[in-house]
Amino acid sequence: MDYSYIFSRRHPLFTQRSSSWERNKAAYSGGAEYIQKALIQHVSEIDPEFTERLNRAYYFNYPRKIARLITQYILAGDPVRTGAEPEMIEDFSRSKLRANEIMRQFSTLLNVYGSAWMLIEMPNFDGEVDIERRKTERLHPYAVALSPLSVPDWSEDSSGELLWAVVEEDFYENSDPFTEPVSKKRRRLWTKELWQLFEEDSGTVKLIAEGRHELGCVPLLHVSEIDGYGMDAVHWFEDIVRISDAILNNESEAQMNIIKQMFGLLVISENFARGSRSTLNSNNSEDGKFSHVLARSAAIWESGDESGISRYISPHGAETNIIRNENTHLKNELFDIAGLTVVRETREKQSAESKAWDHQQICQFLLNRVDLLEQTELAVWRIMNLYDPSISVPQVAYNRDFSIVDLKESVASLLELKNVGGGLEFQREIARAAVTLLGRYQKIAPERQQKIYEEIDLLNENGGEQ
């Protein structure tokens, strides 16, 4: 059978978005390679000048900061996984990555690409598996977070359930130090009942392995942000990247302005320039050099009607300040587009209403993301349960309290509320709120927190135990 088509398959969405996904990935990675892609050469900029600017350029990696910041907010508190097997939580990937770390990877991929995949696999093994062998060889299902660039094609039925999916894998074999390493491209086809592994070698595609899982579903989860659904809208991270690119180019110009302020640009009289060229031509001198290129790195000359005085000129410092102010403005807009809190540049105290609006904006953004992550993890546990029924499906609850509070003000407010009076239940609720506040600054183990709540329930009207 000819399997070659499996390596050329592309989903229409993959074809449409892959170039922007690659750009987002490069912006997140940053470094010199990305600067070479993103730095723009001026129409009037000669190559030596651009090369110097390119070599001097540096990159403020705001795309990575934003992608990671969103994930850090969401997973600042550990999700509650009631009924989950502790060993599975500690080794969710079969490579000693915890459940939180896999979900952190998945969240960041979702931020960068707007969609991400989760693959749930089971290691191959022969013979019976008892508890000891399961623990020793870690023979349990595991999850792997994948970028959309790793899944080039898939198919869904009318209900949106996956019929099959193709996952691209990089194979690299270097276990033998005396043998030349082997690097090949592989693709694995997953269906509802089986998997097949294909390898391309010298233009020929071969089926090199296959197996059955009998799950009744494709063990992959495809998650996309719902914003823009039905409008064929691109992901907001693309706009973040473009603003970040503008900051990169502006900052590069500001840096070169500072360099030119230090070294300046030579201006000479036109008469001197013409005389120097005539002298060089008449003497047929090959050693003498005279530049008449109009550029920041070369001399320019004036006519005799002008000052005629050789001197150095340089950009005024105010121009650099204008560029830097523009970059500050762009940075604020960049974080505002991402839905994150913006630092307001004003000496006036921000009103309570304005603070509440900013807080509401970021909370709603994070709550939408939490729902996606919570549903995804729950679906992962369900597929794991299909692989191994001994793995129970826990109740998964992610943190939904993203309030950023001032400890001093909050404690003072609780003390004022305590002085209001009220009944016993009112006082108990104040005590529970104090426990919640403490948990934001110091992690409290669930069992200790439960014990504290039990002690609060035993409080009587006089503040002592019943």
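Asn 24 is buried, with a relative accessible area of 2%; buried means under 20% relative accessible area, exposed means over 50%, and partly exposed lies in between, using a 1.4 Å probe and protein chains only. Before we go on, please keep in mind that this is a predicted model, in which local features need pLDDT of at least 70 and side-chain atom pairs count only at pLDDT 80 or more, while totals for chains, interfaces and linings use all residues. Residues are numbered from 1 along each chain as its sequence is written, and side-chain values use heavy atoms, with hydrogens and water left out.

Where does Asn 24 lie? Its place is in helix α1. Helices (H or I, at least four residues) and strands (E, at least two) are DSSP runs, numbered from the N terminus. Setting aside residues up to four places away in sequence, Asn 24 touches Val 112, Phe 237, Glu 238 and Val 241, where contact means heavy atoms within 4.5 Å.

Let us stay with helix α1 (residues 12–29), whose axis comes within 6 Å of the axis of helix α4 (residues 62–74) and crosses it at roughly 95 degrees. Axes are lines fitted to C-alpha atoms, for helices over the stretch in contact, and angles run from 0 to 180 degrees between N-to-C directions. The two helices α1 and α4 are therefore roughly perpendicular to each other; angles under 35 degrees count as roughly parallel, over 145 as roughly antiparallel, 65 to 115 as roughly perpendicular and the rest as oblique. On the α1 side, Ala 27, Tyr 28 and Ser 29 meet Pro 63, Arg 64, Ala 67 and Arg 68 of α4.

Next, look for His 235, in the loop between β9 (220–224) and α8 (237–263). Is His 235 buried or exposed? His 235 is buried, with a relative accessible area of 9%. Not counting residues up to four places away in sequence, His 235 touches Leu 110, Asn 111, Val 112, Tyr 113, Gly 114 and Glu 225. The side chain of His 235 also reaches the backbone nitrogen of Gly 114 at 3.4 Å.

For a contrast, turn to Gly 83, found in the loop between β1 (80–82) and α5 (86–90). Gly 83 is exposed, with a relative accessible area of 52%. Gly 83 and Ile 391 are 308 residues apart in sequence, and their C-alpha atoms are 9.7 Å apart in space. Leaving aside neighbours within four places in sequence, Gly 83 is in contact with Ser 392 and Pro 394.

Finally, we come to the sheet. Strands of a sheet pair through backbone hydrogen bonds, either parallel or antiparallel. Here 5 strands form an open sheet in the order β4-β5-β6-β7-β8, with antiparallel pairing; two strands pair if DSSP finds at least two bridges between them. The edge strands, each pairing on one side only, are β4 (153–156) and β8 (204–212). From one strand to the next, the twist averages 20 degrees. Strand β4 pairs with β5 (residues 162–173) in the antiparallel sense over 4 bridges, and Glu 156 has Leu 162 in β5 as its bridge partner. These strands, β4 and β5, form a hairpin with 5 residues between them, and Gly 160 in the turn has a positive phi of about 90 degrees.

Terms used:
A polar contact is a pair of N or O atoms within 3.5 Å; within protein, one must be able to donate a hydrogen and the other to accept it, and residues adjacent in sequence count only if both atoms are side-chain atoms.
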